[in-house]
Amino acid sequence: MIVARLAKQAMEHEEGMNHLWVRFDLPQAGSITDVRLAVDLPLGVHRSPNLNGYPETDLCIILLGNSPEDHDVFLELYTEEAAACGRAELGIVVEYKDGETEVRAVQGISLELKAEDDAEDWPVDEEVVERVKALQCRLQDRAAERAREFVIVPPIVRPRSGYFEDWEKKYRIDYSFNHR
């Protein structure tokens, strides 16, 4: 049900960065509600808010709603201070309600924390990298689309009587459109 993949199987134990792709499939039958995703991280490993932009609780539980539009969630993992080197386990928990029944699925994935000196030749999962790049491009396109939206405010033209009215009729471009 849950598939989790890391961009790199190993990460620097100090000031390192990695991406996690979590994909899960929900049953099509039934009334699925209240879908939540939680990621339990090892000591010293932190994560940024999810890259998809889903809302999160104070406890870093990702709220996917009643029927998430896609079942892919991307997270950026990082280390700040030196964490213990060695193999660490990440726990991924998907919870949802199917009618009155609460369903919980758990999946683990291992991550190797290494010193910077051992950083050479770490294999990279290109599919995870490409999907993160595609997500960032989609989010940038949405932001650019929102930035391009603007409101056209028509000028306010009030008819006048007197000396300037004749000049307005003669020289204003929009005079004839507003006074028909």
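Guide: Contact means heavy atoms within 4.5 Å. This is a predicted model, where local features need pLDDT of at least 70, side-chain atom pairs count only at pLDDT 80 or more, and totals for chains, interfaces and linings use all residues. Residues are numbered from 1 along each chain as its sequence is written, and side-chain values use heavy atoms, without hydrogens and water.

Visitor: What does S48 touch, not counting residues up to four places away in sequence?

Guide: L75, E76 and Y78.

Visitor: Why is S48 called buried?

Guide: Buried means under 20% relative accessible area, exposed over 50%, partly exposed in between (1.4 Å probe, protein chains only). S48 has 18%, so S48 counts as buried.

Visitor: Where does S48 lie?

Guide: In the loop between strand 5 (45-47) and strand 6 (62-65). Strands (E, at least two residues) and helices (H or I, at least four) are DSSP runs, numbered from the N terminus.

Visitor: How many helices and strands does the protein chain have?

Guide: The chain has 3 helices and 9 strands. Along the sequence the pattern reads β-β-β-β-β-β-β-β-β-α-α-α.

Visitor: How much of the protein chain counts as buried?

Guide: Of its 180 residues, 32%.

Visitor: What share of the contacts with a separation of 6 or more joins residues 24 or more positions apart?

Guide: In the protein chain, 67%.

Visitor: Why is E116 called exposed?

Guide: The relative accessible area of E116 is 56%, so E116 is exposed. E116 sits in the loop between strand 9 (101-114) and helix 1 (126-148).
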